[in-house]
Amino acid sequence: MVTLLIGAGLIILGIVVIAHDRRTLLSGLLPFLGLLTWLTGRTPVWLASTLFVIVLPLGILGEVLTNDGYWLLSRYGTSAKGYFFLVDGFLGMVFAPLFPVLWLLWRSVLIVKLMLAIYGYVAVLIDAYLLATVINALPLTIKPTKILILGAGLIKGGVGPVLRRRLLGGLALYQRFPKAELIMSGGQGDDEPEPEAVAMHRFARQKGVPESAIRLETNSTNTATNLCEAKRFINSGDRVVLVTSDYHLLRSLLYARRQGVNCQGLAVHTPHFTFTCNAFIRELGAYTIIHRYLIPLGLVLVIILCLI
């Protein structure tokens, strides 16, 4: 009964957070912890479901890291980074299916308890980030006055597959709301012949978008500066929709929140599963770097609780 009440309380608190501003990891973390708490307190039939939520993301993480390690070694030869990814990914894939066995048989052993705590903490972080991404990709509830499309790297000097999908998603939204302005955001990388926003502008013009509907932001160099630089085209009363790839959505919205840009997100689907998993793990890594103190602190607290 206690676990049920705690789980319900966490879910309700998550709903409050989502209603206020869903652009935060808490929008996924609180409902997920509430569900996990509720499942943990149920009959053993739910044990497999509870563990599955932990095992699955870490198995995927292991597969992605293994794939990255193999790719690095095959392309660049022997490297510490390649072997690190390969070994860690392989261990992750091996350990994931063993998690339920370790939990059921040896969770009272200290070293196993610590391993499970660290493994579970990472799994919960992955699940919460994924759930927060899904929540922030829910259908729009506003009619945009500005549509902000975030750039991606140019391929051979032109619009590549990732950027093309973002542009098509943004232009489809523009066709629904033709009075909105398009903001193309993307600077010039070291290996790019021109700013991404210029290539995006050319693509939009070829699709029939009038010149008067397009604004260019060409100074940014990453996601954080995308929002910082694009902010000058946005007024306080604007209703903004940020368009980017599904795996990139949450971090982009978090930066928008930091910049005081009130917006909702439009997630453009990325069809390649392995690429999406890889990119998602990179996004989670970038989020961890942003919160370089908070997330390690959480892990330390989890370890301390195991030792008490």
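**Sheet and helix packing in a predicted model**

Residues are numbered from 1 along each chain as its sequence is written, and side-chain values use heavy atoms, with hydrogens and water left out.

Trainee: In which sense do β2 and β3 pair, and over how many bridges?

Mentor: Strands are DSSP E runs of at least two residues, and helices are H or I runs of at least four, numbered from the N terminus. Two strands pair if DSSP finds at least two bridges between them. For β2 (residues 181–185) and β3, the sense is parallel and the bridges number four.

Trainee: What is the order of the five strands in the open sheet?

Mentor: The pairing is parallel. The edge strands, each pairing on one side only, are β3 (214–217) and β5 (263–268). The order is β3-β2-β1-β4-β5.

Trainee: At what angle to β1 does α6 run?

Mentor: Axes are lines fitted to C-alpha atoms, for helices over the stretch in contact; angles run from 0 to 180 degrees between N-to-C directions. Helix α6 (residues 161–176) lies across β1 (146–150), β2, β4 (240–245) and β5. Its angle to β1 is about 175°.

Trainee: How is α5 oriented relative to α9?

Mentor: The axes of α5 (residues 110–136) and α9 (residues 249–258) come within 9 Å and cross at roughly 75°. Angles of 65 to 115 degrees count as roughly perpendicular. Therefore α5 to α9 is roughly perpendicular.

Key. Predicted model: local features only at pLDDT ≥ 70, side-chain atom pairs only at ≥ 80, totals over all residues. Parallel < 35°, antiparallel > 145°, perpendicular 65-115°, else oblique. Contact = heavy atoms within 4.5 Å.
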